[in-house]
Amino acid sequence: SRIIVTLRELFKSFKYKPYNEDKGTGFIRHILLRKGFSTKEIMLVLVTSEVAFPSKTHFLKALKEKHPEINTIVQNVNAYNTSIVLTGKGYIEDVLCGYRFRISPSSFYQINHQQTEKLYKAAINMAEITKKDTVIDAYCGIGTIGIAASGKAGQVIGVELNKEAVKDAEENAKINNIKNI
C-alpha cells in the first residue's frame, strides 16, 4: 500500500531503526494498518520499543501531509504493553450486519467483511434463535456476533478476556442501542 511505502521512506529519513529481537536494539517493532470496510476509516498503530518518540511532531506532520486519509494514529509501546494515541480518537469504526462497531488497536475484528456478514447471517438463521433464548457469545471480542444476534435473542451474554475489547463491546452495545446484552 502507499501508506507502507511512505512509512518506509519516513522511517529512513527520521532514522528510526527497525527493532532487532536478538540485540534488543531499534525503535520500530511493528506497524498495523486497519481499515473499516464500510466507513473507510483508517487506523495506523506504530509499535515501538520505547515511549520516547524522537521528532514525533515533525514525523506526524509529514505523514499526515502525505496521507490525510489516516483517521487515527496510535503508538503501542511493546515494553510497557500500553498504547498512546498520537492523533485521532484512538479507534476506528465500521458497520457490520447493519450495526456500527468501534474497533481499538488490540481488539480482534474479522478481516473479510463480506464473508463475515454471510457467515454471521447463516449461523444466526441456522441457530433458530428466539426471544426465549439466551445466546452466549464466547470469546466475543468487540461483540460483533452477539450484537448481530441480539435482535432475535431474549438475552445475550458476552465473554471476553481482553479488557480493551470488553470496553469496545460495551460501547458497541450502547452505540447500537442494544438493551438485552
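This is a predicted model: local features need pLDDT of at least 70, side-chain atom pairs count only at pLDDT 80 or more; totals for chains, interfaces and linings use all residues.
Ala, Val, Leu, Ile, Met, Phe, Trp, Tyr, Cys and Pro are counted here as nonpolar, Asp, Glu, Lys and Arg as charged, and the others, Gly among them, as polar.

The largest pocket holds about 230 Å³ of space. Its lining comprises 14 residues, and R34, K35, Y109, Q110 and I111 are the ones nearest the centre. By class, the lining of this largest pocket splits into seven nonpolar, four polar and three charged residues. Two strands, β1 (28–35) and β5 (92–96), each contribute at least two residues to the lining, and β1 gives the most, with three.

A volume of about 190 Å³ belongs to the second largest pocket. Here too 14 residues form the lining, with C140, G158, A169, E170 and I181 closest to the centre. Strand β8 (155–159) and helix α5 (163–175) are the elements that supply two or more residues to this second lining. The lining of the second largest pocket consists of nine nonpolar, two polar and three charged residues.

The largest nonpolar core has 22 residues, of which L96 and I129 touch the most other members. At least two residues of this core come from each of β2 (42–48), β5, β6 (99–103), α3 (113–127) and α4 (144–149). Leaving aside residues up to four places away in sequence, I129 is in contact with I124, V135, A149, K152 and A153. Another core, of 17 residues, lies apart from the largest one and includes F11, F59, L63 and I73.

F27 and F53 make an edge-to-face pair, with 5.3 Å from centre to centre and 90 degrees between the planes. F27 sits in the loop between α1 (2–13) and β1, while F53 sits in the loop between β2 and α2 (56–66), so this pair ties together parts that are 26 residues apart in sequence. Both F27 and F53 are buried. Through ring pairs, F11, F14, Y16, F27, F53 and F59 are linked into a cluster, and two of its residues, F11 and F59, also belong to the core of 17 residues.

Note on methods
Residues are numbered from 1 along each chain as its sequence is written. Side-chain values use heavy atoms; hydrogens and water are left out. On a 1 Å grid over the protein atoms alone, a cavity is a set of points where a 1.4 Å probe fits but cannot get out, and a pocket is an open set with protein on both sides within 12 Å along at least five of seven lines; lining residues have an atom within 4 Å of a point. Grid points are joined across faces, edges and corners, and a volume is the space filled by probe spheres set on the points. Helices (H or I, at least four residues) and strands (E, at least two) are DSSP runs, numbered from the N terminus. A nonpolar core is a set of buried Ala, Val, Leu, Ile, Met, Phe, Trp, Tyr and Cys residues joined through side-chain atoms within 4.5 Å. Buried means under 20% relative accessible area, exposed over 50%, partly exposed in between (1.4 Å probe, protein chains only). Contact means heavy atoms within 4.5 Å. Rings of Phe, Tyr and Trp (its six-membered ring) pair if their centres lie within 6.5 Å; planes under 30 degrees apart count as stacked, over 60 as edge-to-face and the rest as tilted.
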